[in-house]
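Subject: Structure handover and notes

Dear colleague,

I am handing over the structure below, together with my notes on it. Please read the notes with the structure open beside them.

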Amino acid sequence: MLLEKYRNLQDILQKMESVVVAFSGGVDSTFLLKVAIDTLGYDNVLAITADSETYPSSELKEAIMLSKWIGANHRVIQTSELAIPGYKENNQNRCYFCKSSLFDHLLPILEEYEFNNIIYGVIADDANEFRPGMKAAKEKGIRGPLLEADLFKEEIRVLSKQAGLPTWDKPSFACLSSRIAYGDIITKEKLTKVDKSEAYIKSLDIHQVRVRTHEDTARIEVEPDDMPRVLQYHVAITKRLKQFGYKYVSMDLTGYTSGSMNMALKKEEMS
């Protein structure tokens with residue numbers, strides 16, 4: 001079954017002939033880039049990483065390293081989500097504005113290289129979640145081969161491990177804006193505060209962490225197995241996060257939950 005999905009993915013890419021890959025360096029886009037290179041060859045694939053205020057600083061370094069490891073033609077472009085009208089107001093359409101702007105940056109590059117398609121790492125799991133960015137992709141004709149091949153995150157991890165990709169067990173990540181409660185204005189200062197806080201907590205050998213931000217309160221999400229470690233270092237974590245600008249520091253006993261900020265949205269807002 002999994003081999004059939006992989007072959008289907010190759011067939012989808014083969015028919016595209018040439019692609020620009022929106023490459024973040026995460027599990028999904030790394031696997032997508034690797035299969036694209038293996039299927040279409042170096043000359044027919046271009047990886048683009050958008051560096052901005054919302055992109056964790058550590059991820060840019062890793063994306064550059066991964067693109068070299070895979071052997072891809074890779075470019076880093078500068079973007080600014082905070083400059084997008086409607087983005088910093090941080091309503092439920094934030095991700096729509098972000099993805100729409102990203103694809104607008106990629107379309108001229110597609111024309112420059114005379115390639116056929118822009119692709120990104122949307123996966124089958126995303127079809128059942130609140131993902132406004134998928135609407136932007138559909139509007140602009142951006143393809144999601146992993147979703148088209150019906151590949152789920154755990155399947156991509158298995159295939160990534162088989163391919164020898166170092167990202168096979170990499171924790172999931174999302175843009176820094178996803179840490180800020182809907183309705184709270186997004187600023188560069190808040191994004192920097194989140195980035196520094198998560199980097200510090202990760203330095204304590206805690207790999208999956210989100211510092212959800214509700215005005216001046218930090219709500220730390222980690223996997224349940226890592227909760228004792230957070231408690232072990234609670235004094236140091238509290239001190240450091242307050243230095244970064246938080247007034248209150250808490251730990252969410254539910255544990256890490258992907259897209260947990262979406263729980264605050266009403267059903268009609270997510271339609």
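Predicted model: local features only at pLDDT ≥ 70, side-chain atom pairs only at ≥ 80, totals over all residues.

Residues are numbered from 1 along each chain as its sequence is written, and side-chain values use heavy atoms, with hydrogens and water left out.

**The four-stranded sheet**

Helices (H or I, at least four residues) and strands (E, at least two) are DSSP runs numbered from the N terminus, and two strands are said to pair if DSSP finds at least two bridges between them. In these terms, four strands form an open sheet in the order E3-E2-E1-E4, with parallel pairing. Its edge strands are E3 (73–78) and E4 (117–119), each of which pairs on one side only. Neighbouring strands of this sheet are turned by 25° against each other on average, direction ignored; for such angles, axes are lines fitted to C-alpha atoms, for helices over the stretch in contact, and the values run from 0 to 180 degrees between N-to-C directions. Strand E1 (residues 19–22) runs parallel to E4 and is joined to E4 by three bridges, with Val-21 standing opposite Ile-119 in E4.

**The three-stranded sheet**

A second open sheet has the strand order E5-E6-E7 and mixed pairing. E5 and strand E7 (248–251) stand at the edges with a single partner strand each, so one side of each is left without a neighbour in the sheet.

Strand E5 is mostly covered, as five of its six residues are buried, where buried means under 20% relative accessible area, exposed over 50%, and partly exposed in between (1.4 Å probe, protein chains only). The parallel part is the pairing of E6 and E7 over four bridges, in which Arg-219 has Ser-250 in E7 as its bridge partner. Helix H8 (residues 188–202) packs on this sheet, touching E5 and E6, and its direction makes about 145° with that of E5; contact here and below means heavy atoms within 4.5 Å.

Helix H3 (residues 57–70) has 14 residues and reaches 21 Å from its first C-alpha to its last, close to the 20 Å expected at 1.5 Å a residue, the expected span being 1.5 Å times one less than the number of residues. Its buried residues are Glu-59, Leu-60, Ala-63, Leu-66, Ser-67 and Ile-70. Seen down the axis of H3, they fall within an arc of 130°, so they line one face of the helix; the arc is that of the directions from the helix axis to the C-beta atoms. These buried residues pack against helix H2 (27–40), strand E2 (45–51) and E3, whereas Lys-61 and Lys-68 are exposed on the other side of H3. Just after H3, Gly-71 takes a positive phi of about 85°.

In helix H5 (residues 132–139), the buried residues are Pro-132, Gly-133, Ala-136 and Ala-137. They cover an arc of only 150° around the axis, which puts them on the same side of H5. They pack against helix H4 (94–113), while the face turned away from the buried side carries the exposed residues Lys-135 and Lys-138.

**Two buried loop residues**

Phe-115 is placed in the loop between H4 and E4 and is buried, with a relative accessible area of 13%. Phe-115 lies 96 residues from Val-19 in sequence, yet their C-alpha atoms are 5.9 Å apart in space. Not counting residues up to four places away in sequence, Phe-115 touches several residues, including Val-19, Asn-44 and Leu-110.

Asn-90, in the loop between E3 and H4, is buried with a relative accessible area of 0%. Its side chain is joined to that of Arg-94 by a polar contact of 2.7 Å, a polar contact being a pair of N or O atoms within 3.5 Å; within protein, one must be able to donate a hydrogen and the other to accept it, and residues adjacent in sequence count only if both atoms are side-chain atoms. Leaving aside neighbours within four places in sequence, Asn-90 is in contact with Ile-180, Ala-181, Tyr-182, Gly-183, Asp-184 and Ile-186.

With best regards
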